[in-house]
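Visitor: Could you show me how to read a predicted complex, step by step?
Guide: Gladly, let us look together.

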Amino acid sequence: MVKAALIFSDLTPFFVLTSIALFFVAAIAEIGGGYMVWKWLRERKGVLFGILGGIVLFVYGVIPTFQPAQFGRVYAAYGGIFIISSILWGMLVDRKKPDRYEVIGSVIAVMGAVIIFYAPR
Amino acid sequence: MAEVEQYPGTSFNTRQSVPKTFTHTYITSDTLHKVTYTTYTTISSLFVQPLTDAYKRKKVISTIFFFLLAGLFEIGGGYLIWLWLRADMSWVIGVLGGFILFLYGIIPTLQPTYFHRIYASYGGIFIVMALLWGFIFEKEVPDIFDIVGSVVAIAGVIIIFYAPRKGEESLWSKQH
């Protein structure tokens, strides 16, 4: 009961905004770090990329320690944010237009995250 | 086991190498070798062999394996950094966590397609793994909405990652 009350009292606009902002920062760090490691190993762009990627991924690991939200469903929402960020990353950084399966599949997967996060309980 | 069978990795016949004068049962290097060998073959035929066989057969299975492995490494590495900063454990644990996150970054490079497609699919896998993680470690039992949402997310992943495309090597055909 006490725990549930705490969670509800935490759902202030400030909490929600901080949470979402941190998730976007985390997604950018995670995808960015992974992208640098990808540059190193798949596109042979030099080990410097790999080291930088490792550092960025380490920073990504630090971000959730500032995250006020700590339960499974919020992390499921992060999965949805992550999907959108990946597709955007492909469009903006790699200049790859998502094909129709990627668009349809992403919309469906994000719907799954929305069901988990917004379902009336 | 056949009389003259030689264990792999030895240049001698282990059966003949037992001295005939032995009357008591000692744990000799020979018995040790047999036990190790039997344990090794049992474990490999039960767990390792099916995996490597499946891996050789179709790419679908190896890609699923890499997704799950990436999830484990991400959550594991992140958890170690959490222990370092929030549970005041040694910085060594934090560094180890960072290294595991670096390994996590390497796993998607083993996947056979574009960067954004791998990462978008991984997001869907992550949804399910986050719920499983909450269920196992935080005792948050998933309700019907969690399950329906997970199934929908996985359906999305299947479409993003596993839909056969024209002009691309299919993940569903046998590897050559």
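**Reading a helix pair**

Guide: In this predicted model, the axes of helix α5 (residues 100–118) of chain A and helix α5 (residues 144–162) of chain B come within 7 Å and cross at roughly 170°. Axes are lines fitted to C-alpha atoms, for helices over the stretch in contact, with angles from 0 to 180 degrees between N-to-C directions. Helices are DSSP runs (H or I, at least four residues), numbered from the N terminus.

Visitor: How is α5(A) oriented relative to α5(B), parallel or antiparallel?

Guide: Two packed helices are described by the angle between their axes and the distance between the axes. Here the crossing makes α5(A) roughly antiparallel to α5(B), a label for angles over 145 degrees.

Visitor: Which residues make the contact?

Guide: Among them are A:Y101, A:I108 and A:I115 of α5(A), and B:F145, B:V152 and B:I159 of α5(B). Contact means C-beta atoms, placed from the backbone, within 7 Å.

Visitor: Is A:S86 buried or exposed?

Guide: A residue is buried if 20 or more other C-beta atoms lie within 10 Å of its own. A:S86 has 28 of them, so A:S86 is buried. A:S86 sits in helix α4 (residues 72–92) of chain A. Leaving out residues up to four places away in sequence, A:S86 touches A:I31, B:H116, B:Y119, B:A120 and B:G123.

Visitor: What scores does the predictor give the complex?

Guide: The complex has an ipTM of 0.86 and a pTM of 0.74.

Note on methods: Residues numbered from 1 in each chain as written. Chains lettered and ligands numbered in written order. Predicted model: local features only at pLDDT ≥ 70, side-chain atom pairs only at ≥ 80, totals over all residues. Helix = DSSP H or I, 4+ residues; strand = E, 2+ residues; numbered from the N terminus. Parallel < 35°, antiparallel > 145°, perpendicular 65-115°, else oblique. Contact = placed C-beta atoms within 7 Å. Buried ≥ 20, exposed ≤ 12 C-beta atoms within 10 Å, placed from the backbone.
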